[in-house]
Amino acid sequence: MSNQMMIDLATKLKVDGGIYVIGPDHKIVYSDVVDYVGWEYPADHPMKPVFDGTQHSYMEAVRGDLISGELNKYGGIALSTPGYYVQIGIKATSIAENAKAFAPDILLGE
């Protein structure tokens, strides 16, 4: 795994809010946002239930990114390798664009 692999994956999947692979120390070890590598999740972060093993996954409401402040929606999951996790974000503007694309009048061609 590498940051470049995360960059390529984010491009292919059209993930625009970041892919973060997190290690056992709750620090980002790989990401398509290379400047975030090494950032440590605070103890009260919404990923806490996943880190603690009380939940396998989680999904947040739209919020400001803790570093950039951009509005994103995040979800996270524990990976099959014990102690490793992934969090993926999508920008709020992308969510709004997708919602428009799936509007009934668009889908039905009205």
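Which residues line the largest cavity? In this predicted model, the lining is made up of Tyr20, Ile28, Tyr36, Trp39, Tyr41, His45, Arg63, Asp65, Leu66, Ile67, Tyr74 and Gln87.

**The cavity**
- Searching the whole structure turns up one cavity of 30 Å³ or more.
- The largest cavity holds about 100 Å³ of space.
- Sorted by class, its lining comes out at eight nonpolar, two polar and two charged residues.

**Salt bridges**
- The count of salt bridges comes to three.
- Glu60 pairs up with Arg63, with 2.3 Å between the closest N and O atoms, and both Glu60 and Arg63 are buried.
- Arg63 also shows up in the lining of the largest cavity.
- Asp52 teams up with Lys48, with their closest N and O atoms 2.7 Å apart.
- Because Asp52 and Lys48 sit four residues apart in helix α2 (residues 48–52), about one helical turn separates them.
- Asp52 is partly exposed at 46% relative accessibility, and Lys48 is partly exposed too, at 38%.
- Glu70 bridges to Lys91, with the closest N and O atoms 3.3 Å apart.
- That pair ties together distant parts of the chain, 21 residues apart: Glu70 is in the loop between β4 (63–64) and β5, while Lys91 is in strand β6 (residues 85–91).
- Glu70 is partly exposed at 40%, and Lys91 is partly exposed at 26%.

**Leu71**
- Leu71 belongs to strand β5 (residues 71–78).
- With a relative accessibility of 52%, Leu71 counts as exposed.
- Leaving out residues up to four places away in sequence, Leu71 touches Val62, Arg63, Gly64, Lys91 and Ala92.
- Gly17 is 54 residues from Leu71 along the chain, yet their C-alpha atoms are 8.7 Å apart.

Key. Residues are numbered from 1 along each chain as its sequence is written. This is a predicted model: local features need pLDDT of at least 70, side-chain atom pairs count only at pLDDT 80 or more; totals for chains, interfaces and linings use all residues. Side-chain values use heavy atoms; hydrogens and water are left out. On a 1 Å grid over the protein atoms alone, a cavity is a set of points where a 1.4 Å probe fits but cannot get out, and a pocket is an open set with protein on both sides within 12 Å along at least five of seven lines; lining residues have an atom within 4 Å of a point. Grid points are joined across faces, edges and corners, and a volume is the space filled by probe spheres set on the points. Ala, Val, Leu, Ile, Met, Phe, Trp, Tyr, Cys and Pro count as nonpolar, Asp, Glu, Lys and Arg as charged, and the others, Gly among them, as polar. Helices (H or I, at least four residues) and strands (E, at least two) are DSSP runs, numbered from the N terminus. Buried means under 20% relative accessible area, exposed over 50%, partly exposed in between (1.4 Å probe, protein chains only). Contact means heavy atoms within 4.5 Å. A salt bridge is a side-chain nitrogen of Lys or Arg within 4 Å of a carboxyl oxygen of Asp or Glu.
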